[in-house]
Amino acid sequence: MRTFFPRLKGNSRGCLAFEPLFLIPYSMFATYATIYMHELGLSETQIGWVTTLTLVVQVFSSFLSGYLTDRMGRKAALLTFDLISWSAGTLLWAASQNIWFFIAAAFINGLQRVPHTAFYCLLVEDTEPRERTYVFTLLQVIGVIGGLFAPLGGLLVHAYGMVSGVRIMYVLAFILMTAQFLGRHYTTRETEMGLRKKREARELGLQASLQDYMATLRAVLADRGLLLMFGVYILFNFQMTIKGTYLSLYLADDLGMDEGLISMVPAVSSVVMLLVLWLVMPRIPERLTNRTMLWGFVLSAVSNGMLALSPAGSLGWIAVSTVLSAGAMMITAPYLEAAVANAIDDERRAKMFAILSVLVLLAVSPSGIIGGWTYSIDPQLPIWLAAGAFALSVPLLIAGGKRAEH
């Protein structure tokens, strides 16, 4: 990482160096997770309920994540809850036989918001604000590279069948993710803010920490510019959940795409995103980041609309929609993450990010049920909901940009 990305220092280097060990297996099984559940007898509506249950548990773990991240320290909270939510979770998914296994996994994996907050703090706190866009861009790049390995999942499905192939993916995920968690733990250090917050949390106790939560919540609600940015972030996560849950089913069932080819969608997306990173992003000046995000949301809405209108069996329409969606994602996600990171005060970062996570999840939690219900009416509707989320983000982003100028 030091050779290829010399600007990375300290914890950002340690965090990103091991991230491929998570994202590569995740991109493999995430593509087939919904179809795997369907093959084991879950209906579209049951899949939606399991997704919503996971998100409901995430609401509670998000609420506690700021306190636990401050109380335990960034590194300890990250390692402990990553091992519970992901290492144990992937093993449970690998052994799943019916809906009850997935319900149990939903409770375990729903604890992932604690390490999510801890990772965010560990990655950001000792990084200069001007370097955060660079760090989040690299994080996006690593995710993109991980997507290139999704076709390996397709090969496993082709060789061993859907259920056995996905079980193998989950076992591989357990091995690689656990290696990532341990490697990252031993190559990072606790942040200065983390050490101070750890001392303060022990001195204050739970009641005083909860009072601090309420003060932080009031600060969030009083900042209209921050609320507008949070609104955009919430809509972005809403469409991610809807599309992530039902895209593979839509491609297989409604558009008639071969199950072995479905894994090519994230791979093609990854290639496009790398090209955009190489050819487009270096030419975007810092002062135009808001306008770039705006066009990214417009293109995302268009790409989802195209996908919803795709005729069955039309690989051309799917390909064009995938290319547009991937390009738009690359010019929105890193800038959005950096904008949110820079809008949050370092002094209250863990608790404020926990509150953001709670707000996101409260808004996103019904998405599984909404997605399942709309999919049962018409498989195109979840895709239209994703398009609508992007379209609604445009006026929010414009309003936030105008407020920032004043």
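User: Which side chains meet Arg184 in a salt bridge, and what is the N to O distance?

Analyst: First, the ground rules. This is a predicted model, where local features need pLDDT of at least 70, side-chain atom pairs count only at pLDDT 80 or more, and totals for chains, interfaces and linings use all residues. Residues are numbered from 1 along each chain as its sequence is written, and side-chain values use heavy atoms, with hydrogens and water left out. A salt bridge is a side-chain nitrogen of Lys or Arg within 4 Å of a carboxyl oxygen of Asp or Glu. Here, Arg184 meets Asp82, at 2.5 Å from N to O. The pair links distant parts of the chain: Arg184 sits in helix 9, Asp82 in helix 4 (residues 74-94), and 102 residues separate them. Helices are DSSP runs (H or I, at least four residues), numbered from the N terminus.

User: Are Arg184 and Asp82 buried or exposed?

Analyst: Buried means under 20% relative accessible area, exposed over 50%, and partly exposed in between (1.4 Å probe, protein chains only). Both Arg184 and Asp82 are buried.

User: How many salt bridges are there?

Analyst: The count is 2. Arg74 also forms one, with Asp70, and their closest N and O atoms are 2.7 Å apart. Arg74 is buried, at 1% relative accessible area. Asp70 is buried too, at 3%.

User: How do I read a pair of aromatic rings?

Analyst: Use the distance of the centres and the angle of the planes. Rings of Phe, Tyr and Trp (its six-membered ring) pair if their centres lie within 6.5 Å; planes under 30 degrees apart are stacked, over 60 edge-to-face, and the rest tilted. By this rule there are 14 aromatic pairs. Take Phe29 and Tyr170: 4.8 Å centre to centre, with 40 degrees between the planes, so the pair is tilted. Phe29 lies in helix 2 (residues 20-39) and Tyr170 in helix 9 (residues 162-187), 141 residues apart. Phe29 is buried at 4% relative accessibility, and Tyr170 at 2%.

User: Which residues do ring pairs link into a cluster?

Analyst: The cluster holds Phe22, Tyr26, Phe29, Tyr36, Trp86, Trp93, Phe102, Tyr170 and Phe181.

User: Which residues form the negative surface patch?

Analyst: Asp and Glu count as negative. Patch residues have over 30% relative accessible area and no salt bridge, and like charges are joined within 9 Å. Here the patch is formed by Glu39, Asp253, Asp258 and Glu259. Asp253 belongs to helix 11 (residues 224-254). Asp253 is partly exposed, at 46% relative accessible area.

Notes. Patches are made of residues with over 30% relative accessible area and no salt bridge: like charges are joined within 9 Å, nonpolar side chains (Val, Leu, Ile, Met, Phe, Trp, Tyr) within 5 Å. Accessible areas come from the Shrake-Rupley method with a 1.4 Å probe; for residues, only the protein chains shown count as cover. The place of a charge is taken as NZ of Lys, CZ of Arg, CG of Asp or CD of Glu. Helices (H or I, at least four residues) and strands (E, at least two) are DSSP runs, numbered from the N terminus.
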